Amino acid sequence: MTIELLLLCTLAALLELDTTYVFQLTFSRGLIAGPIFACLSGDWVAGIQAGVFTELLFADVNPLGTILPPSAVVCCAVSLGLHMGGTEMCLSFIWGVLGALLFSFVEQHMRRVRANLLGMWENKIMQRPSYIKRVMLMELSGSFLVTFVFLLLFTWGAGQIMLWLQPHISVRALFACRFAYMAVPWIGLASLLPEFRLKRR
Amino acid sequence: MTFTQQLGFFLRSFFLQTGWNYLKYQNLGLFFVMWPFLKRLYATDPDAIPSVVTRYLSTFNTQPVMASFCFGALARQEEFLAQAQNMAQFNEEFAEWNSIKRGLSITTASIGDRLFWGTLKPCTLLLALFIWILLKINVFEITPQPQPPLAYTFLACIAAFVAFNTLALFVKWRGLRISYTADEQACFGLTQFDWNRTIYNAKKIGLVLVVGMILFGMYNYLKAFNATDLQFITRAIIVLFFICISFVTQRLRIPNMYLYLLSAMIFNIVCYL
């Protein structure tokens with residue numbers, strides 16, 4: 001586990017807060033998070049590509065109502081974390097997408113836990129309304145911590161698997177993954193066409 | 001509403017979704033945003049505070065940018081509630097408060113989701129892509145490329161960030177003021193903007209940008225056309241295949257990420273056959 005990985009996870013956990021919990025100023029978009037993470041490695045092309053591909057791939061899932069889209073920050077952080085460790089982008093991006101999918105379940109679980117604690121918090125707020133500040137602070141620090149631990153464990157685990165797997169990956173498999181990776185922007189762009197369909201009211 | 005109050009609402013509104021839960025959604029956030037205003041309003045009547053807190057801790061869910069319309073309208077209605085002279089008037093104002101909290105949150109969520117998540121976000125993504133392409137950074141190319149300067153990398157990010165947030169923060173700030181001053185007849189200020197026209201025009205721009213991007217991507221591959229180049233033919237087939245299959249999966253409501261993971265698996269199987 002390197003200092004770069006720790007820095008990446010800290011930065012990603014901070015940016016992930018922007019997705020739902022605070023600001024929503026779009027710092028957590030793949031488009032912005034990808035190049036920010038690339039500051040750690042200096043590989044700007046990989047940063048831009050991870051960001052753009054993530055955003056295009058997840059463009060068809062919007063946070064409407066209770067829908068929870070996969071995290072673009074987690075996808076970019078895992079992809080670029082593994083890429084910094086020497087894994088090719090076409091392989092690390094698969095891990096990134098899997099990480100983002102898995103993180104959705106973690107996030108859902110956090111929201112369920114929060115719903116269970118709600119009664120207790122509401123009672124405390126009723127007794128002392130200014131307690132809301134403490135609740136908000138606990139929520140933010142809890143979310144940061146869970147995201148940080150998830151990213152650290154997942155990226156480190158995926159890195160270890162890739163270290164063991166990489167010598168066994170054949171040229172054919174690498175080609176297959178490259179083709180799938182190459183298809184990502186096309187899948188994304190094609191899904192944007194129906195998003196922009198025009199319906200006059 | 002004074003400037004300081006508006007600024008307070010505005011800054012606290014960034015924390016609306018902190019504490020999002022499956023039981024009452026943004027209730028903790030709503031209370032956090034409204035609390036300083038409520039504390040000042042009921043400073044001379046502390047006995048009313050428990051019932052006020054209970055009301056604001058009930059279920060609430062809307063789009064975070066458009067939520068400012070709800071804050072302004074709720075603040076205004078809360079003033080009427082606090083000034084109620086008798087029980088009948090209080091009940092009448094309370095019914096109005098309830099309808100604002102439920103009805104307005106649904107309307108604003110619908111507009112906000114369509115405008116900010118469904119249109120503006122993909123439009124700004126395409127804007128950034130075009131800027132990178134103009135700066136000779138080809139995001140379609142997966143083979144190694146020379147590293148662009150730092151300024152080029154962040155120029156497109158900043159453009160997308162500014163384009164999205166200029167509109168979002170403007171709506172957030174203005175929404176507070178106009179929903180506080182407008183009444184139910186003016187739909188709490190919502191009618192001051194022509195939302196449908198804005199969304200329609202933004203979608204029109206988005207459609208032009210996405211078609212342009214697809215055409216550019218195709219040109220990018222075609223310019224190196226060589227009939228005997230097997231890699232070119234394979235690439236062209238894959239691109240066309242995925243554009244077609246993406247339309248099918250959209251109809252079947254299968255998310256893109258599953259299509260990508262499935263394609264990685266299928267390509268591996270094909271390569272080993």
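Started with α7(A): the helix bends by about 30° at A:Val184, and a proline, A:Pro185, follows within four residues. (Bend here is the angle between axes fitted to the seven residues ending at a residue and the seven starting there; helices are DSSP runs of H or I, at least four residues, numbered from the N terminus.)

Housekeeping: I'm on a predicted model, where local features need pLDDT of at least 70, side-chain atom pairs count only at pLDDT 80 or more, and totals for chains, interfaces and linings use all residues. Residues are numbered from 1 along each chain as its sequence is written, with chains lettered from A and ligands numbered from 1 in the order written.

Checked the length of α7(A), residues 171-195. Its 25 residues at 1.5 Å each should span 36 Å, and the end C-alpha atoms are 37 Å apart, so the two agree. (Expected span is 1.5 Å times one less than the number of residues.)

Next, the A/B interface: 70 residues of chain A are in contact with 71 of chain B. (Contact means C-beta atoms, placed from the backbone, within 7 Å.) On the chain A side, α2 (30-41), α3 (44-57), α5 (89-127), α6 and α7 each give two or more residues. The largest share, 23 residues, comes from α7(A).

Then I looked at chain B's domains. The assignment gives domain 1 (3-105) and domain 2 (224-273), and 51 Å separate their centres, taken over C-alpha atoms. (The bounds come from an automatic or database domain assignment.)

Key: Contact = placed C-beta atoms within 7 Å.
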